Amino acid sequence: MPGHNHYSPFLARIYDKVLHFPILTIRNSIVKTIINGGAKSVIDMCCGTGNQITYLRKAGIKGVMGIDISDNMLHQAWRNGLKDVCVKMDASDTTFQGNSFDVAIMSFSLHEMLAETAQKVFLESKRIVKPGGLLILVDYSFDKHTRPLGRFSARALEKFVGGDHYRNFKFFMANNLLSKFAEGLELKEQKRFLIGAVGMWVFIAD
Ligand SMILES: C[S@@+](CC[C@H](N)C(=O)[O-])C[C@H]1O[C@@H](n2cnc3c(N)ncnc32)[C@H](O)[C@@H]1O
């Protein structure tokens, strides 16, 4: 399986606590977008600890499931009460039928993968979301809206995680992979967060 297990048990345990305040607004923005879109079925590709799913369920969105490749992140999701909701699966090659979901979320995940794997995850999301459904992407984006402190903090965080993860992040940023993957898709909504270092893009699946 590509993607491997980059996340130690320690990282998996501290993940939600460390990121809680910085990404609270992003989690809530995703919830709002999904409620406004009236979605009934949502897949969180690379759900990690299931933190976004917890927010969605608290908001009353029940038809949500998550997949992830990392045992340690999944075990944390299960400790977070998501045993029946988060399952082990490679997001670049899922077992779902086409057009199974109204929404796919890819948050803070594509940047850490090999470019080829990230592209497969994006294409897989397009395949399993119904035409007219939503592809919600949240990831780093550096441009004129990004403050130097935003770039610095994002790089420092990725370096801390290290290894392939950091190499892939640098390639992802240098080659602006997000916009390449999304070429040709209709953009429904766009927002920036964290002093311009993170973006949220909502595309309409075709
Ligand atoms: C930084 S975490 C983000 C987790 C979550 N989406 C969030 O917003 O908190 C990235 C996740 O992507 C997962 N991942 C990486 N490659 C994957 C793959 N091929 N299939 C499924 N999950 C993958 C990792 O295991 C990790 O849990």
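Among contacts in the protein chain between residues at least 6 apart in sequence, what percentage join residues at least 24 apart? In this predicted model, the share is 72%. The protein chain holds seven helices and seven strands. From the N terminus on, these elements follow the order α-β-α-β-α-β-β-α-β-α-α-α-β-β. The C-alpha atoms occupy a box of roughly 40 × 40 × 30 Å along the principal axes. The radius of gyration is 16 Å. A compact globule of 206 residues would have a value near 17 Å, so the two agree. Buried residues account for 40% of the 206 residues.

The seven strands form an open sheet with mixed pairing. Their order is E3-E2-E1-E4-E5-E7-E6. Strand E3 (86–88) and strand E6 (186–193) stand at the edges. Each has a single partner strand, so one side of each lacks a neighbour in the sheet. From one strand to the next, the twist averages 20 degrees.

Strand E1 (residues 42–45) and strand E4 (residues 101–107) run parallel and are joined by four bridges. Within this pair, Met 45 stands opposite Met 106 of E4. Two helices that pack on the sheet can be described next. Helix H3 (residues 71–79) touches strand E2 (64–68) and E3. The direction of H3 makes about 155 degrees with that of E3. Helix H4 (residues 115–128) also packs on the sheet, where H4 touches E1, E4 and strand E5 (129–140). The direction of H4 makes about 165 degrees with that of E4.

At the other end of the strand order, E6 and strand E7 (residues 198–204) run antiparallel, with seven bridges between them. Lys 191 has Met 200 in E7 as its bridge partner. E6 and E7 form a hairpin with four residues between the strands. In the turn, Leu 194 has a positive phi of about 50 degrees.

Nonpolar side chains tend to be buried together in soluble globular proteins. Here the largest nonpolar core has 54 residues. Val 42, Val 103, Ala 104, Met 106 and Ile 136 have the most contacts inside this core. Strand E5 gives the most to the core, with seven residues. Leaving aside neighbours within four places in sequence, Met 106 contacts Met 45, Cys 46, Val 121, Phe 122, Ser 125 and Leu 137.

Helix packing is also seen between H5 (residues 148–161) and H6 (residues 163–174). Their axes come within 6 Å and cross at roughly 145 degrees. Glu 158, Lys 159 and Val 161 in H5 meet His 165, Tyr 166 and Phe 169 in H6. By class, this contact comprises three nonpolar, one polar and two charged residues.

Most residues other than glycine have a negative phi. Phe 108 is not a glycine, yet has a positive phi of about 50 degrees. Phe 108 lies in the loop between E4 and H4. There are 17 other C-beta atoms within 10 Å of Phe 108, so this residue is partly exposed. Asn 176 likewise has a positive phi, near 50 degrees. The loop between H6 and helix H7 (177–181) contains Asn 176. Asn 176 counts as exposed because it has 12 C-beta neighbours inside 10 Å.

Definitions and conventions
Residues numbered from 1 in each chain as written. Predicted model: local features only at pLDDT ≥ 70, side-chain atom pairs only at ≥ 80, totals over all residues. Pairing = 2+ DSSP bridges. Axes fitted to C-alpha atoms, helices over the stretch in contact; angles between N-to-C directions. Contact = placed C-beta atoms within 7 Å. Nonpolar A, V, L, I, M, F, W, Y, C, P; charged D, E, K, R; others polar. Core = buried A, V, L, I, M, F, W, Y, C linked by C-beta atoms within 7 Å. Buried ≥ 20, exposed ≤ 12 C-beta atoms within 10 Å, placed from the backbone. Rg over C-alpha atoms; globule rule 2.2 N^0.38 Å.
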